[in-house]
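Good morning, and thank you for the time on today's agenda.

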Number of protein chains: 2
Amino acid sequence: MAVYTDVSFEELESFLAGYNIGVPLTFKGIAEGVENSNYFLSTGKGSFILTLYEKRVKTEDLPFFLGLLEHLAAGGIPCPLPVRNLAGAQSTTLGGRPAALFTFLNGVSLRRPEASHCAAVGTALAKMHAAGKGFALSRKNALGHDGWGELVEACLPRADEIEPGLADQIRTAHAEITSNWPNGLPQGVIHADLFPDNVLFMNGAVSGLIDFYFACNDAFVYDLAVMLNAWCFETDVAFNVTKSKSLIAAYAKQRPLSQEEREALPILTRGAALRFLLTRLYDWLNHDPHALVRPKDPRDYSRRLRFHRKVRGIGEYGL
Amino acid sequence: MAVYTDVSFEELESFLAGYNIGVPLTFKGIAEGVENSNYFLSTGKGSFILTLYEKRVKTEDLPFFLGLLEHLAAGGIPCPLPVRNLAGAQSTTLGGRPAALFTFLNGVSLRRPEASHCAAVGTALAKMHAAGKGFALSRKNALGHDGWGELVEACLPRADEIEPGLADQIRTAHAEITSNWPNGLPQGVIHADLFPDNVLFMNGAVSGLIDFYFACNDAFVYDLAVMLNAWCFETDVAFNVTKSKSLIAAYAKQRPLSQEEREALPILTRGAALRFLLTRLYDWLNHDPHALVRPKDPRDYSRRLRFHRKVRGIGEYGL
């Protein structure tokens, strides 16, 4: 939650000269997006988000991310639409950073979503998966199961500083998950980070899906596994099967899950828990005390991982 | 520029139950205000700023700050108007902090204001000084000339770490300024921190004066002295007399300056430069590396102070 690159009004004015969106009425840095600098902009023609890409988003990935948003928006998904400039480009440069302008979506993200919200977002996820079909570009999941080994090695030496026994838990879980990872599941474009932060609601309905900067090509059901972790645990890390059932049922109503996908779920939920445990742990251990963002507690995910590793069958997820 | 206190949508909802402003459409933390946490909120009834007061604003000062804004807004000054809740209160509590809701002002703050902007803000300042008359409460300037001694003592031992000779400069300037400080100048409510950050413009005209959390009762002309420091130096700290002339002339057209006030200006500009040098230096030397705000470079103000101490007469300010 920070603004890393400071944009003056004068820089904004010359940037906007390349667009046909009118004159700024309001321009404020917003505390949103761990990876980028974001500004809220309103003009006589509407409201917008201006994003400056900081080092964690690779410039060569921008055509995928921005092209995907345009593709999804054309398919009726309520996601930010990149506004093309007068030259037809989806991104340009501002303050020495790649920058893009997006339509602004109304709605608020929930801290404590209810089962009804889980159902609404399950439906939205399935629609997003369908709308991703036909998108011409593809992107490997940089944080997919075959990429965790490096993070495991980097984290193991100091993992027990965070929680006694954590190194052991990670080593065992990593071996067990990767050797049982299912192949050949139905694939397509997934969001890969659809946490409550990244979903906007209005009057109980989904009004926006945002922050597609982990989107990639991977198994559709992995998105569900991420969401079971992100939406279906209470703050005390108790699993709420009512929420999980609502989420999966609403998703499957739009896009039925095959028997293979259902059976893959327990290993994928462990994998998703391990992925967020590893990145949080890495950020925690390698945190720059001068950084403007406070790292998230990795223990929330070691507890989730322990839960999933005890699950005996898909019935425990409400299937 | 940070959000210190995190407010969930659910906390917001129960807070808004006490107001008659409708249901939230958008709620985002904004990177604005060094002292407080600020959120942008829009509802069907308009746009608002929600402010949570962190430790640097004293709760006992809130009736002065909030009452002043209501008084100024009633007098036609474009400042945030505190929205009273259903119980008639101007402030309440949220997330364990005192909190207030304000009308949102359109406009953008400038990084590099021109002489015409200086003139516009000079007029706005004089109108604010006039509108402050009749406000029932008063507040001492906590960072006035008789309060600098403590900061001087706290900063001197390590001042030379920042700039060789800085301790000497501060000691001499402090003695010279306080012993020549003029008394009996026309007083009233002043803003005391009217930097370009705190003024919003639309189409070249002032659309908002914000951030009144240093407002207090002091000499009107001290506000001008602060502004000569904040608006009339270029980024290379060269003084721009055209801007200064525009600012003072526009102010004086609304509220003529007495001979005493004009002659007081050189010592007051030195005092204002010393005040911002001292607070920036203190924050720089006592910066918590885990804080979300990066301190501002105090040397911008040691250079201003050196300029003012060489000024031979009010002609150099364009008077």
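Does Val237(A), with 14 C-beta neighbours inside 10 Å, count as buried, exposed or partly exposed? With that neighbour count, Val237(A) falls into the partly exposed class. Please bear in mind throughout that what you see is a predicted model.

Val237(A) sits in the loop that joins α6 (220-231) to α7 of chain A. Its backbone deserves a remark: phi of Val237(A) is positive, at about 65 degrees, although the residue is not a glycine.

A second case of this kind is found in chain B. Asn203(B), also not a glycine, has a positive phi near 50 degrees. Asn203(B) belongs to the loop between β7 (199-202) and β8 (205-209) of chain B. As for its surroundings, Asn203(B) counts as exposed because it has 8 C-beta neighbours inside 10 Å, the limit for that class being 12 or fewer.

I now turn to the chain as a whole. Chain A contains 9 helices and 9 strands. Its radius of gyration is 20 Å, close to the 20 Å that the globule rule gives for 319 residues, so chain A is as compact as a globular protein of that length. Of the 319 residues in chain A, 43% count as buried. Among contacts in chain A with a separation of 6 or more, 72% come from residues 24 or more positions apart.

Next, the division into domains. Chain A is split into domain 1, covering 9-102, and domain 2, covering 115-317. Taken over C-alpha atoms, the centres of these two domains of chain A are 27 Å apart. How many residues of domain 1 of chain A are in contact with domain 2 of chain A? The count is 19 residues from domain 1, which are in contact with 18 residues of domain 2. On the domain 1 side of chain A, the residues that touch domain 2 comprise 12 nonpolar, 5 polar and 2 charged.

Tyr251(A) is placed in helix α7 (residues 241-254) of chain A. Tyr251(A) has 26 C-beta neighbours inside 10 Å and therefore counts as buried. Beyond its neighbours within four places in sequence, Tyr251(A) is in contact with Gly122(A), Thr123(A), Leu125(A), Ala126(A) and Leu224(A).

The nonpolar core comes next. The largest nonpolar core has 179 residues, and those that touch the most other members are Leu247(A), Val221(B) and Leu247(B). With neighbours within four places in sequence set aside, the contacts of Val221(B) are Leu185(B), Leu257(B), Glu261(B), Ala264(B), Leu265(B) and Leu268(B).

Pro63(B) is part of helix α2 (residues 62-74) of chain B. Pro63(B) is partly exposed, with 14 other C-beta atoms within 10 Å. From Pro63(B) to Lys245(B), a sequence separation of 182 residues, the C-alpha to C-alpha distance is 36 Å.

Finally, I come to the relation between the two chains. Chain A is superposed on chain B by a rotation of 180 degrees with 0.0 Å of shift along the axis, at an RMSD of 0.0 Å. The two copies are thus related as by a two-fold rotation axis. Which residue of chain A has its C-alpha nearest the axis? That residue is Ile30(A), at 2.1 Å.

At the interface, 25 residues of chain A are in contact with 25 residues of chain B. In chain A, α1 (9-16) and β1 (24-30) each supply at least two residues to the side that touches chain B. The greatest contribution to that side comes from β1(A), with 7 residues. By type, the residues on this side of chain A are 14 nonpolar, 6 polar and 5 charged. Of the interface residues of chain A, 100% are also interface residues in chain B, so the copies meet through the same surface.

Technical notes
Residues are numbered from 1 along each chain as its sequence is written. Chains are lettered from A and ligands numbered from 1 in the order in which they are written. This is a predicted model: local features need pLDDT of at least 70, side-chain atom pairs count only at pLDDT 80 or more; totals for chains, interfaces and linings use all residues. Copies are superposed by least squares on the C-alpha atoms of residues with pLDDT of at least 70 in both. Two residues are in contact if their C-beta atoms, placed from the backbone, lie within 7 Å. Helices (H or I, at least four residues) and strands (E, at least two) are DSSP runs, numbered from the N terminus. A residue is buried if 20 or more other C-beta atoms lie within 10 Å of its own, exposed if 12 or fewer, and partly exposed in between; C-beta atoms are placed from the backbone. Domain bounds come from an automatic or database domain assignment. Ala, Val, Leu, Ile, Met, Phe, Trp, Tyr, Cys and Pro count as nonpolar, Asp, Glu, Lys and Arg as charged, and the others, Gly among them, as polar. The radius of gyration is taken over C-alpha atoms; the globule rule is 2.2 Å times the number of residues to the power 0.38. A nonpolar core is a set of buried Ala, Val, Leu, Ile, Met, Phe, Trp, Tyr and Cys residues joined through C-beta atoms within 7 Å.
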